[in-house]
Amino acid sequence: GYGGAPMPITTIEKLAGKRVWAFKTRGEVDATAVISAGRVYIPSKDKKLYVLDLKTGQKLFEFTAARAITAGPAIANNTILFGDTAGNVFCLEPKK
């Protein structure tokens, strides 16, 4: 969550306004999550980039960086590009 303890990432059903799923990171999330190809990419201050299934919220993968990830990733041509606060830049290509 912004400015405090970790808060769950939650999806809300558009028409009914019901919670579909929630996922709690181990650190604050101050950056925008990105949705691409049925996956949600969540950068976190716990040094992790979490990759979740958009429909179920199930964690598919997590990547650990050297330091906190405070900006949302960029995604193009099935490649995920993001950095951490140590100045490292990562380029990942997820399995299909």
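Keep in mind that the model is predicted. Its largest nonpolar core has 9 residues, an open sheet has 4 strands, and a search of the whole structure turns up 5 salt bridges.

**Nonpolar cores**
- Among the 9 residues of the largest core are Y41, L49, V51, F63 and F82.
- Two elements, β5 (48-53) and β8 (79-83), each give two or more residues to this core.
- Apart from that one sits another core, of 7 residues, including W21, V40, I42 and L52.
- Back in the largest core, V51 touches R39, V40, Y41, Q58, K59, L60 and F61, if you leave aside its neighbours within four places in sequence.

**The open sheet**
- The strands run in the order β3-β4-β5-β6, with antiparallel pairing.
- At the edges you'll find β3 (34-36) and β6 (59-64), each pairing on one side only.
- On average, neighbouring strands are turned by 20 degrees against each other, direction ignored.
- β3 and β4 (residues 39-43) pair over 3 bridges, and V34 has Y41 in β4 as its bridge partner.

**Salt bridges**
- K45 pairs with E28, with the closest N and O atoms 3.8 Å apart.
- K45 is in the loop between β4 and β5 and E28 in the loop between β2 (19-24) and β3, so this pair ties together parts 17 residues apart in sequence.
- E62 meets K48 at 3.0 Å, N to O, and K59 at 2.7 Å between the closest N and O atoms.
- K48 counts as buried, at 13% relative accessibility, whereas K59 is partly exposed at 37%.
- Shared partners join R26, K48, K59 and E62 into one network.

Key: Residues are numbered from 1 along each chain as its sequence is written. This is a predicted model: local features need pLDDT of at least 70, side-chain atom pairs count only at pLDDT 80 or more; totals for chains, interfaces and linings use all residues. Side-chain values use heavy atoms; hydrogens and water are left out. A nonpolar core is a set of buried Ala, Val, Leu, Ile, Met, Phe, Trp, Tyr and Cys residues joined through side-chain atoms within 4.5 Å. Buried means under 20% relative accessible area, exposed over 50%, partly exposed in between (1.4 Å probe, protein chains only). Contact means heavy atoms within 4.5 Å. Two strands pair if DSSP finds at least two bridges between them. Axes are lines fitted to C-alpha atoms, for helices over the stretch in contact, and angles run from 0 to 180 degrees between N-to-C directions. A salt bridge is a side-chain nitrogen of Lys or Arg within 4 Å of a carboxyl oxygen of Asp or Glu.
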